[in-house]
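Reader: Hello! I would like a close look at the charged side chains here and at the packing around them. Please take it step by step, and spell out the cut-offs as you go.

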Amino acid sequence: MTGPTIAVHHVRAVLGGARRAGLDTVPLLQAAGIAPLLLGDDRARVAADRFARLVKELHRATDDEFLGLGPRPSRRGTFAMMGLACVGCPDLGTALERAVRFYGLFPGGPEMAVTMPRRNGEPRIPDRDDRDDRDIRDASPARPAEFSLLSDLRPYPEGTFLAESVLIIWHRLSSWLIGRHIPLSDVCFVHPAPAHAHEYELLFDCAVRFGAPRTAAVFDARWLAAPVVQDEAALAAMLRRAPADLLSRREYGTTFTERVRRTLAPALRSPGPARLPEAAEVAARLAVSPATLRRRLQAEGTSYQRLKDAVRRDAAISALAAGREPIAALAARLGFSEDTAFHRAFRRWTGTTPGAYRLRPGAPALPGQQS
């Protein structure tokens, strides 16, 4: 299966609470199918489904929905009860107000707010007048609203990771509640830019600023009028798949980067040797000139060659994590003429060998599967 991958920085960060609690993280990593040795290389990446499994293991081990990363624990089941409070709401704005009030009952957690600016610049809570019967796609002028994190988590270890995770989950929960992707126009964080800052525009699909006065995600206030379409049965199904559904990044195709990735990825799913299309072919499929494609990708901070490498890298990591395909066969399927070329490329992408990404670290190699 081809899918997105997660930078090892996030794996290290999510383990911080368990380490402070004195838990042995090696069995947790192994239960998630992540080789512990990967944590020592800054270039390493893991399959997104393995990261989701690690978060689930940490939920169980820490008995804390904040994974031990916050100032106080949040007992397991708190998020589910908040979801029950939201799915009965008529629209997203009401659901978010209820979620804010719900978490406000539990001291010590990340304090959130959903606000809209007044015309004089002062913030206010959206009220019923902001969520009238207009369709959110109408032509009335856009008005910004935002999820903002009121508590500064920087004094706590891994507090920046928790702040990032809170915004991601609130945004994706909101999209899930209304069954439609909510585009963000801007995301900002109080903490300074990390070394992996380039990852964040892909996570949020918008411009991301660091060292800002507040931590917030900005969107069009008209989405607050969108009706909640989920019910208790849908919530139960989502919770069974959690945290994968909320942590994974759905491909909505809203940027040229995503559109190119979605064009390239199917070529790597066939059993035979892959032939990724040239930039001119992809430009034709997207109905733009090759020059326009290069210019748009450059504006989004990437290039066609970088996207080809990323798609191959993510396909390789996902296949190796699944553990069913011999490395020689995988190399051929991804379009490499020989195993050694694949090994060199994989080490360049991740800093380690393909064997480090096997499903069960330390398991015997399959035929043709050498490290």
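**Salt bridges and the helices beside them**

Author: Happy to. A search of the whole structure turns up 12 salt bridges, each being a side-chain nitrogen of Lys or Arg within 4 Å of a carboxyl oxygen of Asp or Glu. Please keep in mind that this is a predicted model, where local features need pLDDT of at least 70, side-chain atom pairs count only at pLDDT 80 or more, and totals for chains, interfaces and linings use all residues. Residues are numbered from 1 along each chain as its sequence is written, and side-chain values use heavy atoms, with hydrogens and water left out.

Let us begin with Arg12 and Asp42, whose closest N and O atoms are 2.7 Å apart in a salt bridge. This pair joins distant parts of the chain, 30 residues apart: Arg12 sits in helix α1 (residues 8–14), while Asp42 is in the loop between α3 (25–31) and β2 (45–47). Helices (H or I, at least four residues) and strands (E, at least two) are DSSP runs, numbered from the N terminus. Arg12 is partly exposed, because its relative accessibility is 26%, and Asp42 is exposed at 64%; the scale is buried under 20% relative accessible area, exposed over 50%, and partly exposed in between (1.4 Å probe, protein chains only).

Another salt bridge brings together Glu146 and Arg214, at 2.9 Å from N to O. Here 68 residues separate the partners, with Glu146 in strand β5 (residues 144–149) and Arg214 in the loop between β7 (208–209) and β8 (215–220). Glu146 has 14% relative accessibility and so counts as buried, whereas Arg214, with 32%, is partly exposed.

In the pair formed by Arg222 and Asp220, the N to O distance is 2.6 Å. Arg222 is buried, at 12% relative accessibility, and Asp220 is buried too, at 18%.

Helix α11 (residues 256–264) packs on helix α14 (residues 304–322) at about 55°, with 10 Å between the axes. Axes are lines fitted to C-alpha atoms, for helices over the stretch in contact, and angles run from 0 to 180 degrees between N-to-C directions. The two helices are therefore oblique to each other; angles under 35 degrees count as roughly parallel, over 145 as roughly antiparallel, 65 to 115 as roughly perpendicular and the rest as oblique. On the α11 side, the contact involves Thr257, Val260, Arg261 and Leu264, and on the α14 side Tyr304, Leu307, Lys308, Ala310, Val311 and Asp314, where contact means heavy atoms within 4.5 Å. By class, six of these residues are nonpolar, one is polar and three are charged; Ala, Val, Leu, Ile, Met, Phe, Trp, Tyr, Cys and Pro count as nonpolar, Asp, Glu, Lys and Arg as charged, and the others, Gly among them, as polar.

Helix α14 also packs with helix α16 (residues 339–350), at an angle of about 100° and with the axes 11 Å apart. That angle makes α14 roughly perpendicular to α16. From α14, the residues Asp309, Arg312, Arg313, Ala316, Ile317 and Leu320 meet Phe342, Phe346, Arg348, Trp349 and Thr350 of α16. This contact divides into six nonpolar, one polar and four charged residues.
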